Amino acid sequence: MARKLPPLNALRAFEAAGRHQSFSRAAEELGVSHSAISRHVRGLEDRLNVQLFRDLPRGLALSPDGAAYLAQVSPALDAIADATESLSERPKGTVTINSEPLFATKWLVPRLGAFTDAFPEIDVRLEASRHLADVARYEADLAIRFVHPGGAYPGAELISDAPLYPFAAPGLVALPLGEVADLLNYPLLRDRTNGTWGVWFEQAGGVALNDVPQFTWRMSSVLAVEAAIAGQGVLLVSAEVVAGEVAAGRMVQVSDIGFREGGYHLVRTEGVLRRKPVRIFREWLMAQSAQWRSGQSPP
């Protein structure tokens, strides 16, 4: 018996519109006009004799029937895409990553060349932003965020939880450091809203908390690293994001005392790993970062 299937273009239009909850964003993803998406969806509704979307004062939303249909159609289209990709010896496609600026600039970008060399047919699109992309609505395939203790994102995986240590430009701090209090003789750079320097001095001992400078302002993490490289002060920063600067001789670790404050996590949905390029990038990322996770040997 022949399968009773609606037109594939109509299914693609509905599935994209359902994920984005927007005809405009679906049109942008598929490279067609807003009217084409609307026409395909309305034609599908007529064919199925059900209302897939509800019009709202601001935008639209899936109806209960539409939500149930989307839950089955999305995995089916993913499976078709995966089957198609498997016919090729090398995976092809696009992976969109939304990352915090510091991790993107100092850790990910320097390593992307190796990934591109290994998988030239995979187009990696990286955006650096403090705004977390909504992976559930496919604003990005993967998102990378620093998560403080007690924080959580559904479906997140730990990439790195390297300790924070004080780093500075070579020659700025007299090494080896004699007393912990000697660091108070140098500008202490601050890139976070919480009191990381107070925590560090408490861990290190030898300095009363009242003697730790009270900061009135901070700079972005990327600028703080550049300020430290320029010799403008000492910065508390997690070791993985400045590993490249240390290897290049632009920064040195000035103390072996450190503490963990949280870690970088990979935020994603389960369904996104059905796409082979995304799955390959995730596996590469986790392999590259393995040495920076708790329980692993230091680099």
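In strand E11 (263-267), the bridge partner of Leu158 is His265. Strands and helices are DSSP runs, of at least two residues for strands (E) and at least four for helices (H or I), numbered from the N terminus. The model is predicted, with local features requiring pLDDT of at least 70 and side-chain atom pairs counted only at pLDDT 80 or more, while totals for chains, interfaces and linings use all residues. Residues are numbered from 1 along each chain as its sequence is written, and side-chain values use heavy atoms, with hydrogens and water left out.

E6 and E11 are joined by three bridges in the antiparallel sense; two strands are taken as paired if DSSP finds at least two bridges between them. His265 in E11 is also the bridge partner of Arg145. E5 and E11 run antiparallel and are connected by five bridges. Strand E3 (residues 93-99) and strand E5 (residues 142-147), in turn, run parallel and share three bridges, with Ile97 opposite Leu142 in E5.

These strands belong to an open sheet of five strands with mixed pairing, in the order E4-E3-E5-E11-E6. Strand E4 (122-128) and strand E6 (157-160) form the edges; each has a single partner strand, so one side of each lacks a neighbour in the sheet. On average, neighbouring strands are turned by 25° against each other, direction ignored.

E11 is mostly covered, five of its five residues being buried, where buried denotes under 20% relative accessible area, exposed over 50% and partly exposed in between (1.4 Å probe, protein chains only). In a regular strand the side chains alternate between the two faces of the sheet. In E11 both faces are covered: Gly263, His265 and Val267 are buried on one side, and Tyr264 and Leu266 on the other.

Helix H5 (residues 101-118) lies across E3, E4, E5, E6 and E11 and runs at about 165° to E4. Axes are lines fitted to C-alpha atoms, for helices over the stretch in contact, and angles run from 0 to 180 degrees between N-to-C directions. H5 also packs with helix H7 (residues 221-229) at an angle of about 45°, the axes being 8 Å apart. The two helices are therefore oblique to each other, given that angles under 35 degrees count as roughly parallel, over 145 as roughly antiparallel, 65 to 115 as roughly perpendicular and the rest as oblique.

Contact (heavy atoms within 4.5 Å) involves Pro101, Leu102, Thr105 and Lys106 of H5 and Ser221, Val222, Val225, Glu226 and Ile229 of H7. The residues of this contact comprise five nonpolar, two polar and two charged. Ala, Val, Leu, Ile, Met, Phe, Trp, Tyr, Cys and Pro count as nonpolar, Asp, Glu, Lys and Arg as charged, and the others, Gly among them, as polar.
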